[in-house]
Amino acid sequence: MVNPGTGHNSAPMESPEGVTHLTSPRESVLVIDFGSQYSMLIARRVRESHVYCEIVSHGSTWESVAHLNPRGVILSGGPASVYEEGAPLAPQWVYDKGLPVLGICYGMQVMAHQLGGSVKPAAKREYGHAVMHQCSSGNSIFDALPESMQVWMSHGDHITEPPPGFAALAYTDNSPITVMGDDRHRYGLQFHPEVVHTPQGKAIIENFLYKACKCEGLWTTGNFINESITSIQDRVGTGKVICALSGGVDSAVAATLVHRAVGDQLTCIFVNNGLMRRNEPEQVREVFEKHFKANLIYSEATENFLGALQGVVDPETKRKIIGEEFIRVFDEEAAGIGEVDFLAQGTLYPDVIESETSDNTVSAKIKTHHNVGGLPEHMKLKLVEPLRNLFKDEVRNVGLELGLPEEIVHRQPFPGPGLAIRIIGEVTYDKLEILRAADAIVMDEIRSNGLYDETWQSFAVLTDTRSVGVVGDLRTYGHVIAIRAVTSEDAMTADWARIPHDVLARMSSRIANEVPDVNRVVYDITSKPPGTIEWE
Ligand code: XMP
């Protein structure tokens, strides 16, 4: 159903509860978030250990989490001090329900404070590696672990008196109560088990999950796929679904899962804006049309986009035009399908958490699909977001298990405006062809030298500079191509990748020899900050 404008900025959804996701796992462990930079990492560690985990606010009620069937609770670290006024505390249900608890750093102090122990500022802040020794062997939290182990500390306060019923289980030179526990499987750790600097940390978390919480380990890719197929079928019924494919992993996995669940009720729309890398549009077609036999509308819109971009040099204007053009083309294609009820989107868990913590309104939870440039304002569609509980690595596993090719599943991030922001100045068909040819050589060398997975993004940029060169006895005046390759964790910061010189040499000579009109190649050695990853 494509209705007249509503004034919303993005496709509205009917209600937050209506969103398709795994609403009732058979078991879970909850992370109560006190604002730690590591909460997300704790959740990932728990999931890697095959137990479903969600991060919930310290203000959550039992009614809001009971459907997750929690078998235990992890209290995260956080920047506060428990004796400060207004310091966040764990909700009372954590203790009343008799659940096993793992308090990490601030979480340990919260538990000590709430259960009648004593927390004081330490004489000196402890930060970094420490060696921890068990007080006595035999506690299940240390099952199969050595007597002494390296841990990573980061705290200012410490426990001076454990709560009634708790005993010290381990100590370090600076901290007599590094671990405390009681006989109801409630533990406090002064160190961070979730970081790699605590080498036995994963084993400690797993002891908590399996010995204390008695979890079964039901969170597997196979279970996820089966359960989400059922839940998509329940939600969609006989309705019609559309999904915009961007060529990236998230939308590809979401579409594949929805296709598995409802088959021909799904129509995928792929808009070829003419700004993709070499062979990418063809690959989307190959995978979805030929391999999965999904309904695919392949909209060839290169001319529309290049027409709209004619004469435009400003990067933000390029982005705006590409976003608007996408909406126009998508809208037109969707209208041709007739009545549609649902929109499938590849929103991931980190997006959900981010928008929940930044703004708790429903609209903030809707991802304006970054990679496809937003969707028509007036489309009143209900959302199907089968990946909204997943981390990126889980999405990749689901993609592989569903049979998507490695190339899509492990694809490096690619900006929605595509090559338009890698051509400095006006975008033309000829420049796109030059850039695609140079970029294909960069990618070929990156892949064949095993550098694809260790670089966050790697690509070519067509600068607006021309330089003088010489071929034989002839002077040339050609384009300058810049090679950009960065390492990064999350694109917020990045370092230029130390690509071996011989690989750079091969890229350079191949580009200068094989790509017409290019006579100079440079390597970008700028980190972010002060640079950005893209040139525009
Ligand atoms: P920068 O260049 O700001 O990029 O360091 C950070 C990350 O975002 C990607 N990027 C974009 N993605 N639309 C997108 O979908 C855009 O307009 C856009 N601009 C940059 C970039 O590729 C990198 O991963």
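**Notebook: a walk along the chain**

**Glu-407.** I started with Glu-407, which is partly exposed at a relative accessible area of 46%. The cut-offs I used: buried is under 20% relative accessible area, exposed is over 50%, and partly exposed is in between, with a 1.4 Å probe and protein chains only. I found Glu-407 in helix H13, residues 406-409. My helices (H or I, at least four residues) and strands (E, at least two) are DSSP runs numbered from the N terminus. From Glu-407 I also checked Val-249: the two are 158 residues apart in sequence, but 9.2 Å apart in space, C-alpha to C-alpha.

**Ground rules.** I noted that this is a predicted model, where local features need pLDDT of at least 70 and side-chain atom pairs count only at pLDDT 80 or more, while totals for chains, interfaces and linings use all residues. Residues are numbered from 1 along each chain as its sequence is written, and side-chain values use heavy atoms, with hydrogens and water left out.

**Helix H7.** Next I looked at H7, residues 249-262. Just after H7, Gly-263 takes a positive phi of about 50 degrees.

**Domains.** I looked up how the protein chain is divided: domain 1 is 27-212, domain 2 is 221-409 and domain 3 is 422-523. These bounds come from an automatic or database domain assignment. The C-alpha centres of domain 1 and domain 3 lie 48 Å apart.

**The ligand.** Which residues come nearest to the ligand? Of the 14 around it, I listed Arg-319, Gln-457, Lys-528, Ile-533 and Glu-534. A residue counts as near if one of its heavy atoms lies within 4 Å.

I then went through some oxygen atoms of the ligand. A polar side-chain atom of Arg-319 lies 2.6 Å from a ligand oxygen. For Lys-528, an N or O atom in the side chain is 2.7 Å from a ligand oxygen. Taken alone the ligand exposes 490 Å², and the protein buries 81% of that. Those areas come from the Shrake-Rupley method with a 1.4 Å probe; for residues, only the protein chains shown count as cover.

I sorted the shell by residue type and got six nonpolar, five polar and three charged. In this scheme Ala, Val, Leu, Ile, Met, Phe, Trp, Tyr, Cys and Pro are nonpolar, Asp, Glu, Lys and Arg are charged, and the others, Gly among them, are polar. Domain 2 and domain 3 each give at least three residues to the shell.

**Two cis bonds.** Lys-528 turned up again: the peptide bond from Lys-528 to Pro-529 is cis, with omega near -15 degrees. I found another cis bond between Pro-529 and Pro-530, with omega about 10 degrees. Pro-529 is in the segment after strand S18 (518-523), and Pro-530 lies in the segment after S18 too.

His-50 has phi near 70 degrees, a positive value in a residue other than glycine. It is in the loop between helix H1 (39-48) and strand S2 (53-57), and at 39% relative accessibility it is partly exposed. Cys-105 is not a glycine either, and its phi is positive at about 55 degrees. Cys-105 lies in the loop between strand S4 (101-104) and H4. Is Cys-105 buried or exposed? It counts as buried, at 6% relative accessibility.

**Gln-114.** I moved on to Gln-114, in helix H4 (residues 106-114). Gln-114 is partly exposed at 25%. Tyr-95 is 19 residues from Gln-114 in sequence and 9.3 Å from it in space, C-alpha to C-alpha.

**Gln-345.** I found Gln-345 in the loop between strand S13 (342-344) and helix H11 (349-358). It counts as buried, at 4% relative accessibility. A polar contact of 3.2 Å joins its side chain to that of Glu-385. By polar contact I mean a pair of N or O atoms within 3.5 Å; within protein, one must be able to donate a hydrogen and the other to accept it, and residues adjacent in sequence count only if both atoms are side-chain atoms.

**Asp-183.** Last entry: Asp-183 is exposed, with a relative accessible area of 73%. It lies in the loop between strand S8 (179-181) and strand S9 (186-189).

Definitions and conventions: The expected span of a helix is 1.5 Å times one less than its number of residues.
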